[in-house]
Protein chains: 4
Amino acid sequence: MKNVFGDALTVTLFGESHGQAIGAVLDGLAPGIPVDEEIIAHKLFLRRPYGALGTARREKDGFSILSGVYNGFTTGTPLTIVIPNGDTRSKDYEALHGIARPGHCDYAAHEKYHGFEDDRGGGHFSGRLTAALVAAGAIAGSALSLRGVMIGTHILSLHGVVDRGFADYAEDIGMLDKLLFPVLDEEKAEKMKEEIAKAAEARDSVGGILETALTGLPAGLGEPFFDSVESKLAHALFSIPGIKGVEFGCGFGFSSLYGSEANDAFEMKNGRVITATNRNGGINGGLTNGMPLIFRCAVKPTPSIGKEQKTVDFIKGENTVVAVAGRHDPAIVHRARAVVDALTALVLYDLYAGRYGTDFFGGKR
Amino acid sequence: MKNVFGDALTVTLFGESHGQAIGAVLDGLAPGIPVDEEIIAHKLFLRRPYGALGTARREKDGFSILSGVYNGFTTGTPLTIVIPNGDTRSKDYEALHGIARPGHCDYAAHEKYHGFEDDRGGGHFSGRLTAALVAAGAIAGSALSLRGVMIGTHILSLHGVVDRGFADYAEDIGMLDKLLFPVLDEEKAEKMKEEIAKAAEARDSVGGILETALTGLPAGLGEPFFDSVESKLAHALFSIPGIKGVEFGCGFGFSSLYGSEANDAFEMKNGRVITATNRNGGINGGLTNGMPLIFRCAVKPTPSIGKEQKTVDFIKGENTVVAVAGRHDPAIVHRARAVVDALTALVLYDLYAGRYGTDFFGGKR
Amino acid sequence: MKNVFGDALTVTLFGESHGQAIGAVLDGLAPGIPVDEEIIAHKLFLRRPYGALGTARREKDGFSILSGVYNGFTTGTPLTIVIPNGDTRSKDYEALHGIARPGHCDYAAHEKYHGFEDDRGGGHFSGRLTAALVAAGAIAGSALSLRGVMIGTHILSLHGVVDRGFADYAEDIGMLDKLLFPVLDEEKAEKMKEEIAKAAEARDSVGGILETALTGLPAGLGEPFFDSVESKLAHALFSIPGIKGVEFGCGFGFSSLYGSEANDAFEMKNGRVITATNRNGGINGGLTNGMPLIFRCAVKPTPSIGKEQKTVDFIKGENTVVAVAGRHDPAIVHRARAVVDALTALVLYDLYAGRYGTDFFGGKR
Amino acid sequence: MKNVFGDALTVTLFGESHGQAIGAVLDGLAPGIPVDEEIIAHKLFLRRPYGALGTARREKDGFSILSGVYNGFTTGTPLTIVIPNGDTRSKDYEALHGIARPGHCDYAAHEKYHGFEDDRGGGHFSGRLTAALVAAGAIAGSALSLRGVMIGTHILSLHGVVDRGFADYAEDIGMLDKLLFPVLDEEKAEKMKEEIAKAAEARDSVGGILETALTGLPAGLGEPFFDSVESKLAHALFSIPGIKGVEFGCGFGFSSLYGSEANDAFEMKNGRVITATNRNGGINGGLTNGMPLIFRCAVKPTPSIGKEQKTVDFIKGENTVVAVAGRHDPAIVHRARAVVDALTALVLYDLYAGRYGTDFFGGKR
């Protein structure tokens, strides 16, 4: 299905970095969800580069909603968001035609599309397209929050600087949406920024790890096997450019635990079933168990760097070197956060709507 | 789609641990793929517990192919494999009715299915179902190998014992299919087995990390965004019970690298484009780049352990303790390998068939 | 998706006419639907040939439910029905290898499957496979009837003999399920049977038109455009071998009406919105409007006839003649009825479950 | 999947009649298909009302391609077409709020969307959206014609005036694309126009039957059962507002034939297998057999008429009358033709791409 994702709620993604516009169509939204353009704008703001940390490219991300909203509420028919591509300096990319930027898919895309690909700025593969996902996710996230589901992501580590983990029940996720650089421990935020500045100075870049928590989920969401919560989330998360790893609960850390350490003991608390620990990240057998859902994403360093790198001209078939000029982020970890939140909201909405029906998040008049 | 997965090739999975049978239907196979029951049987053998390492349950895994094969070749219409459930001691599970085994989804499934779930031995959520996936994957894998695609998986680490990584071009994967306990360094294999034996003695269990490589892939497989190679593989892999993390190339290790270290330099070699290193695991922008595809899966320790654990009776709504009797593996890492190989084969087949059409792996008469 | 159909409820169909077995997997059923094997057996009975009207082949249709039912109720996980192929005289078909039976897809299938198709008795394309759909539909239909939705089909015409249409609100559909040869006007039933007998004598066959009504549906089921009630139903109905036309309400008759005749006037009745006539067959804009849903299917004459027909041997590439021996129905209209009912039930279940969620038809314990 | 359709090629449809814009996203197009905006404009022209026959609403249908085309060729990534809604007189519809226009889905949509639907001019259910499908289909149709596949549709009957059928091998379809009012027999065209004029005068409307032929198809396209050519085509065709019947080959006429009349005899001709007649419309067992594919669609009379009709105000819950002012076509049969051609092209493209892969219709550089 390529650029279409989801079952009860589907998102169709389109556009190229230097084309006319990028956008997304959301099909399957309930009728009657309030659509607040301020919330969408805020989420897009969180995805933007800023100050010294970011690229010089001004992405206004002035979005339009072409369909699916009437009198401030979703209609229940497809909602289309379009974000025009304004300030694109395609010239920066002309010299790169045929040059495989290391870490990018220029060469692979050329093999796939036989030279017909729009190769300016990565074309359809550009991180720019994630802005449309962030806008779409903002709507799904609003709907979830009306039902008490909260999503929060922080930078757990960035080039070796490690933030503290979430509190026991992730009570601290609420504040994250306000932070442009979401770190739980302020001191660590400063150190991370220093790492980014250092990389920028060296015309290099850094990567990191994002940690996400969701609260307010019931037990029993998800499906066995192919639509396990982990499967659907990972499918969506790995579609984000730069994400190279996803783990739930202890994830790779499970490999050094005993089963007796890895299992979360159940216990009754105020008449509810909870687990005493949450090493499984709120998921058992692919289904939510009612505890906070916790996962982590590995974000690789921005592949576009100013440093000279060895590479090939795949059209001429010869070795060459490249230094990616243009305007690039020395780190995209903090920006990827907004995309992780968005896709998480879209997947959870989909799981809810599959189980509880198309009207679940909607209103009645 | 719950228990149906794939686009050009779909697999439908069914059955319960203690029901009549488990099985899978493969729809979309090319006509003319040779079906060798010996290969299927061998793959099922690799999934089996053995000797002191395994559970006492004898899984004969005597499979039947009900449809889709005629005169030794696939017909191109749905291929159905059924594996009857023979030696099931449901009695072992009767006492567990209402008891949430820690690390299992008994409680979550009860919330989802309102008490109608077949809860004997995990029912539909049992690892037993992966036998059907292994059989299905054997057929897809045979087709891939006819086209020069090889898949191999080894145990990279088990409770702290770490195997060496794959050779530069993963030339050493061919032998893995012959090993019941697939480790590249024999000494490490012995140490891992000691860890398993130690856990077994303590009525406990251990987890580990599997590393998989594919060779022989062309550049340009996969799709942008939602059908990236990473997305589709992770979707499938996370459907395997016990898998809690998936990473490609350096994965979580990217978080401490600079971009200049993370990027793989391209170079011409014998007229072909290759990369000097392979930190991105053979994938750029979600597409294969022609290098070996490399990923790792975190496998949590078997949740079924003989040790007494705190838990709840969710029907009575009270705290209790449980020691999971029955016959269980102190480690499923080596068995999960066969499932990882199978799902990898199914996903790659799907990607090929989507791109090159339904007949790609087939024959002509 | 080939042999997989449906969104919230998917059915996967497999098997060949002369293979080991045929069957279907239903994924997405709610937990807690009572499964009564008598009802399934009865529906299979309605699909069977009988006496002088039918073929001599005894289809026992002894089905097994391999998974998805526990203690008499659906579990909510995939339900698999298998029907072994017992009395198959493959020899009857050996002589036909390479011969294109007129009206059958032997030649087209050969082009598609390059000679690897199982060509005995039509293989996977055989009407025999509809038995699995009937069994699957029986379960969906049971669930619908618990919610007050009734489905009934009669033979509206058979080789020129025309039955009366449904009563105004299709109140007469309830009796149809009891009739092996479902006709509203008994006299017409006799005349139809005479037509069949006449065709049989001439080693020929006849076709007809089935008319189906559903009562008890709410307004607002279905989706705009691609998942209109008409689209989904027609998709399913045209998968039945022999169905060559589908029309809703006045269907092709609309072509001679004025808009003022074609439109159904709305009116209030006992506080409910109804229409005074039902020329649109209970559907407006692709959505149900709360009136009985009415459609008709054209069933072509059984293509297998004993008469000698001109044809080709497509392997030798030469003209020849064929008289299809074997055991065939001179009419499949009355049998197709059971399949139409079954697919209708599956599609409606799917539409309900998409809108109201996976648990809609299920139970609670 | 609601507003998303197709497997190898998917079309996502969005917009409302009086919203900002309507549009469609095509995902799965091969890279390298030439995109000629003149062809798209011509197909949109064929869908437009004209002169006395049409509505007064000027639909400029000035479309923009937002993505997926670069230097005149498809890129292989999603192609997005947007058609802004210009001249919409929403005021005409304000008085209709809560009034169920007979033959329209206002009431059903209100039940489905709980009052949040955009009800101006039918909102998302408006025939206006088919303009986006026509534009999308123009691209698929161009690709097909490069491979020798031709599609043509004529008005077979309109309010009782009947055109002659296609020539034996539908050699006469080529001219149809040039006719704004596509009828094979010119005299009949005039009579049909008279019928339309008569209906217009009476503030009423008329319906008709469209007949479509495709030439140049190979044998073996399509899939058994759920993806039969008939199933996929009917699914798409029934999504067109106003289509209430679809039949293939003799369709409903099969009900009065004997099998010996209904079967098409095969014969060898110049080394190729053909059929002497084409009563099955080029399809056997759901697969193309290499003969022209022929089907018919019943189009109901335009439901919007100026005549006063009885109906209800479903918000107030009381009986009322309505005369639909606004600007409406007394017949949409000739316009529906463009939509039928478009959806046919999209479905055939999908079938080809599924079988022969994503690159089948594309180019190489």
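Across the interface of chain B and chain A, 48 residue pairs are in polar contact, both residues at pLDDT 80 or more. A polar contact is a pair of N or O atoms within 3.5 Å; within protein, one must be able to donate a hydrogen and the other to accept it, and residues adjacent in sequence count only if both atoms are side-chain atoms. By class, the side of chain B that touches chain A has 49 nonpolar, 36 polar and 21 charged residues. Here Ala, Val, Leu, Ile, Met, Phe, Trp, Tyr, Cys and Pro count as nonpolar, Asp, Glu, Lys and Arg as charged, and the others, Gly among them, as polar.

The model is predicted: local features need pLDDT of at least 70, side-chain atom pairs count only at pLDDT 80 or more, and totals for chains, interfaces and linings use all residues. Residues are numbered from 1 along each chain as its sequence is written, chains are lettered from A and ligands numbered from 1 in the order in which they are written, and side-chain values use heavy atoms, with hydrogens and water left out.

The interface of chains A and B was then described by contact and area. In chain B, 106 residues are in contact with 106 residues of chain A, contact meaning heavy atoms within 4.5 Å. The two chains bury about 8100 Å² between them. Of this area, 64% lies on carbon and sulfur atoms. Buried area is the accessible area (1.4 Å probe) that two parts lose on being put together, summed over both. On the chain B side, B:F225, B:F226 and B:K244 lose the most area to chain A. Together they account for 12% of what that side buries.

Four salt bridges cross the interface of chain B and chain A. A salt bridge is a side-chain nitrogen of Lys or Arg within 4 Å of a carboxyl oxygen of Asp or Glu. One salt bridge joins A:K112 to B:E223, at 3.1 Å from N to O.

Strand β11 (residues 243–248) of chain A pairs with strand β11 (residues 243–248) of chain B. The sense is antiparallel, over three bridges. A:E247 has B:G245 in β11(B) as its bridge partner. Strands are DSSP runs (E, at least two residues), numbered from the N terminus, and two strands pair if DSSP finds at least two bridges between them.

The symmetry of the pair was examined by superposition. Chain B can be laid on chain A with an RMSD of 0.0 Å, by a turn of 180° and a shift of 0.0 Å along the axis. The two copies are thus related as by a two-fold rotation axis. In chain B, B:H235 comes closest to the rotation axis, at 2.5 Å (C-alpha). Of the interface residues of chain B, 100% are also interface residues in chain A, so the copies meet through the same surface.

Chain C also touches chain A. Eight residues of chain C are in contact with eight residues of chain A. These chains bury about 580 Å² between them, 40% of it on carbon and sulfur atoms. C:R355, C:T358 and C:D359 lose the most area in chain C, together 53% of what that side buries. Two salt bridges cross this interface. In one of them, C:D359 meets A:R355, with the closest N and O atoms 3.4 Å apart.

Technical notes. Helix = DSSP H or I, 4+ residues; strand = E, 2+ residues; numbered from the N terminus. Least-squares fit on C-alpha atoms with pLDDT ≥ 70 in both.
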